[in-house]
Amino acid sequence: MQAAAALNSYSASEETPQDVLWMNAAASALLVVAIGLLLAAGVTKLTRLPYFNLQKVQLEGDLQRNNVATVRANIVPRMHGGFFNANLNRSREIFESVPWVRKAVVRRVWPNELRVVLEEHRPAAYWHHEDREDQLVNTYGEVFDANLGDVEDEHLPTLEAPPNPTAGEAKAMLDMLHRLQPVMSSLGEIDTLKLTERGSWSVEMDNEATIELGRGSLEEVVARTERFVRTLPELKHQYPAPLAHADLRYPEGYAVKLRGLTTLQDGQKAPVIKKPAVAKPVPAHGTPNSNKPSSSTR
């Protein structure tokens, strides 16, 4: 009994008090924090060494509107930080603020260099609507601001949008333009493609002829235009005068006005040229009225 009591007394004296355990844990934690702060301070000091200051900005990309030396001279002084602490997002925004730059990709190159790949806008058309001054549309259907004088010799077509155009309107209009250009090439070059608030399409050619294409999906409008272009030569064989205006919004044909022909009486409408029968291999127009198609004299 005395031996058991002595053993229990010895075990109790060997147990560490709870407050001592907490103090030991706190001391260990403080030691870890202190070591972490020392390491962080050392790394911070290391990253700020002059060796890691940005000493070179390499510009790449197919630049036609900008000069590499000019971009570097104007932009690099606005960039701050070194290899480790340079803000790449901010650097990208700075480069994309340069006129004509569509996209910039910025990455670090060890130990003190930034490499920047620039992509410029490629203009595809003018962008016009009544809410603001004219802009440009690039080949991706994106609207951007630029000096219009830079493209005045490029003879770009105009996309005339309705008021308050939606975000994807420019892309939809550019797609329509690209589909119509090869279809209408025999009539001339498209100078202006217009879309109204009601979704009706029309074009003005470089020879001042205007054509109302009507409403519908891209495929419907293109098919209607193809039918018109395919059947127009037969009409012009009878009336060789240049085209002044065409209206394709009729369900079974189209109406035309030819330049220089003014034989219709006042109040009469131009004849509607009916669609050719599908079964015929060669399209043929319906018999025109006794009066020739009218035209606005220019």
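**Rings, charges and their surroundings**

Modeller: In this predicted model, Arg-65 lies over the face of Trp-100, at 4.4 Å from the ring centre. Trp-100 counts as buried, because its relative accessibility is 4%. A search of the whole structure finds two aromatic pairs, and Trp-100 belongs to one of them, with Phe-144 as its partner in an edge-to-face arrangement, 5.4 Å centre to centre and with 65 degrees between the planes. Trp-100 sits in the loop between helix H4 (88–96) and strand S2 (101–109), whereas Phe-144 is in strand S6 (residues 143–144), so the pair ties together parts that are 44 residues apart in sequence. Phe-144 also counts as buried, since its relative accessibility is 5%.

The other pair brings together Phe-228 and Tyr-254, and because the ring centres are 4.9 Å apart with the planes at 90 degrees, the pair is edge-to-face. This pair, too, links distant parts of the chain, with Phe-228 in helix H6 (residues 218–238) and Tyr-254 in strand S12 (residues 253–258), 26 residues apart. Both Phe-228 and Tyr-254 are buried. A further charge placed over a ring is that of Arg-102, which lies over the face of Tyr-140 at 3.9 Å from the ring centre.

The structure holds 14 salt bridges, and one of them joins Arg-115 to Glu-60, the closest N and O atoms being 3.8 Å apart. Here Arg-115 belongs to strand S3 (residues 113–120) and Glu-60 to strand S1 (residues 56–60), so that distant parts of the chain, 55 residues apart, are linked by the pair. Arg-115 counts as partly exposed, because its relative accessibility is 23%, and Glu-60 counts as partly exposed at 33%. Glu-60 and Arg-115 are also linked with Glu-113 in a network of salt bridges.

Another salt bridge is formed where the side chains of Asp-62 and Arg-122 meet, at 3.5 Å from N to O. Asp-62 lies in the loop between S1 and helix H3 (68–75), and Arg-122 in the loop between S3 and S4, so this pair ties together parts that are 60 residues apart in sequence. Arg-122 counts as partly exposed, with a relative accessibility of 28%. In the salt bridge between Arg-179 and Glu-219, the closest N and O atoms are 2.9 Å apart. That pair links distant parts of the chain, Arg-179 being in helix H5 (residues 169–183) and Glu-219 in helix H6, 40 residues apart. Arg-179 is partly exposed, with a relative accessible area of 33%, and Glu-219 counts as partly exposed at 48% relative accessibility.

Ala-124, placed in strand S4 (residues 123–129), counts as buried because its relative accessibility is 14%. Leaving aside residues up to four places away in sequence, Ala-124 touches Val-137, Asn-138, Thr-139, Leu-156, Pro-157 and Leu-174. The C-alpha atoms of Ala-124 and Leu-136 are separated by 7.5 Å, although these residues are twelve apart along the chain. Ser-200 is found in the loop between strand S8 (190–195) and strand S9 (201–205), and with a relative accessible area of 12% this serine is buried. Its contacts, again not counting residues up to four places away in sequence, are with Lys-194, Leu-195, Gly-214, Arg-215 and Arg-249.

Leu-31 lies in helix H2 (residues 18–47) and is exposed, with a relative accessible area of 52%.

As for the whole protein, the secondary structure comes to six helices and 13 strands, and of the 298 residues 36% count as buried. Among contacts between residues at least 6 apart in sequence, 50% join residues at least 24 apart. The accessible surface comes to about 18300 Å², of which 53% belongs to carbon and sulfur atoms.

Terms used. Residues are numbered from 1 along each chain as its sequence is written. This is a predicted model: local features need pLDDT of at least 70, side-chain atom pairs count only at pLDDT 80 or more; totals for chains, interfaces and linings use all residues. Side-chain values use heavy atoms; hydrogens and water are left out. Helices (H or I, at least four residues) and strands (E, at least two) are DSSP runs, numbered from the N terminus. Buried means under 20% relative accessible area, exposed over 50%, partly exposed in between (1.4 Å probe, protein chains only). Rings of Phe, Tyr and Trp (its six-membered ring) pair if their centres lie within 6.5 Å; planes under 30 degrees apart count as stacked, over 60 as edge-to-face and the rest as tilted. A charge sits over a ring if NZ of Lys or CZ of Arg is within 6 Å of the ring centre and within 35 degrees of the ring normal. Contact means heavy atoms within 4.5 Å. Accessible areas come from the Shrake-Rupley method with a 1.4 Å probe; for residues, only the protein chains shown count as cover. A salt bridge is a side-chain nitrogen of Lys or Arg within 4 Å of a carboxyl oxygen of Asp or Glu.
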